[in-house]
Amino acid sequence: MHRPVLVKPPEILPVTLDEMKQALRIVERDASGAVLPHEDDDLIEDEIQSAVSHYEGWTGILGIALCEQGWRQDFDRFDSMLCLPIGPALHISAVRWRNKAGQMATVNEADYARVTDAAGQSSVRFGNSFVFPTDLYEGAAVQVDYRAGWPIIDGHSTVPADLKAAIKMRVQAAYDEASRDASLNLQRIEKALVSKWRRSVL
């Protein structure tokens with residue numbers, strides 16, 4: 001199995017700028033109730049992105065996807081089950097394979113299904129009637145495109161509250177250097193909030 005590739009980044013972040021400003025208690029509103037810009041808005045957005053990157057993706061400590069995004073996983077050959085390392089997997093977009101001449105072909109959707117075990121690990125499972133192609137390219141011959149992460153509904157994140165809380169806490173510790181207690185307790189609280197979402201070692 002090869003390293004997964006992010007092909008479509010998420011459209012939004014799990015925690016919005018306004019949500020983070022509320023957590024930092026720096027929200028100011030105009031007469032209509034709309035949130036006013038703050039001089040640190042760009043900095044806060046950068047810190048949110050940094051916190052998200054700390055947790056998600058192949059290099060993140062959790063190794064999962066947060067807001068819905070597109071991934072590609074390559075394999076050298078077919079097998080009855082092909083593991084999708086970045087989860088939670090939502091939908092398999094396509095399964096393709098490349099022959100020795102470099103030509104691509106698409107596997108019929110009826111020949112496979114997404115299955116998820118009790119630990120939350122998803123895989124592509126091929127039907128018993130599917131005949132595995134043998135004229136495969138020498139490397140990364142099988143390609144699975146899929147969507148992973150928590151779905152975006154009506155423009156809003158559905159990432160679990162404990163993960164959002166961990167992101168907010170990490171941003172707060174980075175933004176407010178005077179908050180020593182937050183910095184000192186970060187690792188302990190972070191572990192309690194996010195450990196159950198950590199990707200299993202494959």
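**Reading a sheet and a helix**

Visitor: Which residue in strand 7 stands opposite M81?

Guide: R125 stands opposite M81. Keep in mind that this is a predicted model.

Visitor: In which sense do strand 3 and strand 7 pair, and over how many bridges?

Guide: Strand 3 and strand 7, the latter spanning residues 122-126, pair in the antiparallel sense. Four bridges join them. L84 has its bridge partner in strand 7 too: S122.

Visitor: In which sense do strand 6 and strand 7 pair?

Guide: Antiparallel again, here over five bridges. Take Y112 as a case: its bridge partner in strand 7 is F126.

Visitor: What is the order of the strands in the sheet?

Guide: Read it as 3-7-6. This is an open sheet of three strands with antiparallel pairing. Its edges are strand 3 (81-84) and strand 6 (112-116), and each of these pairs on one side only. From one strand to the next, the twist averages 30°.

Visitor: Where does a positive phi occur in the hairpin of strand 6 and strand 7?

Guide: At G120, with phi near 90°. Five residues lie between the two strands of this hairpin.

Visitor: Now the helix. How many residues does helix 2 have, and how far does it reach?

Guide: Helix 2 covers residues 41-55, which is 15 residues. From first C-alpha to last it reaches 22 Å. That is close to the 21 Å expected at 1.5 Å a residue.

Visitor: Which residues in helix 2 are buried?

Guide: First, the general idea. An α-helix has 3.6 residues a turn, so residues three or four places apart point the same way. In helix 2, the buried residues are D41, I44, I48, A51, V52 and Y55. They lie on the same side of helix 2, because they cover an arc of only 100° around the axis.

Visitor: Which exposed residues does the face turned away from the buried side carry?

Guide: On helix 2, that face carries D42 and D46.

Visitor: Which residue follows helix 2?

Guide: G57 follows helix 2, and its phi is positive, near 85°.

Technical notes
Residues are numbered from 1 along each chain as its sequence is written. This is a predicted model: local features need pLDDT of at least 70, side-chain atom pairs count only at pLDDT 80 or more; totals for chains, interfaces and linings use all residues. Side-chain values use heavy atoms; hydrogens and water are left out. The expected span of a helix is 1.5 Å times one less than its number of residues. Buried means under 20% relative accessible area, exposed over 50%, partly exposed in between (1.4 Å probe, protein chains only). The arc is that of the directions from the helix axis to the C-beta atoms. Two strands pair if DSSP finds at least two bridges between them. Axes are lines fitted to C-alpha atoms, for helices over the stretch in contact, and angles run from 0 to 180 degrees between N-to-C directions.
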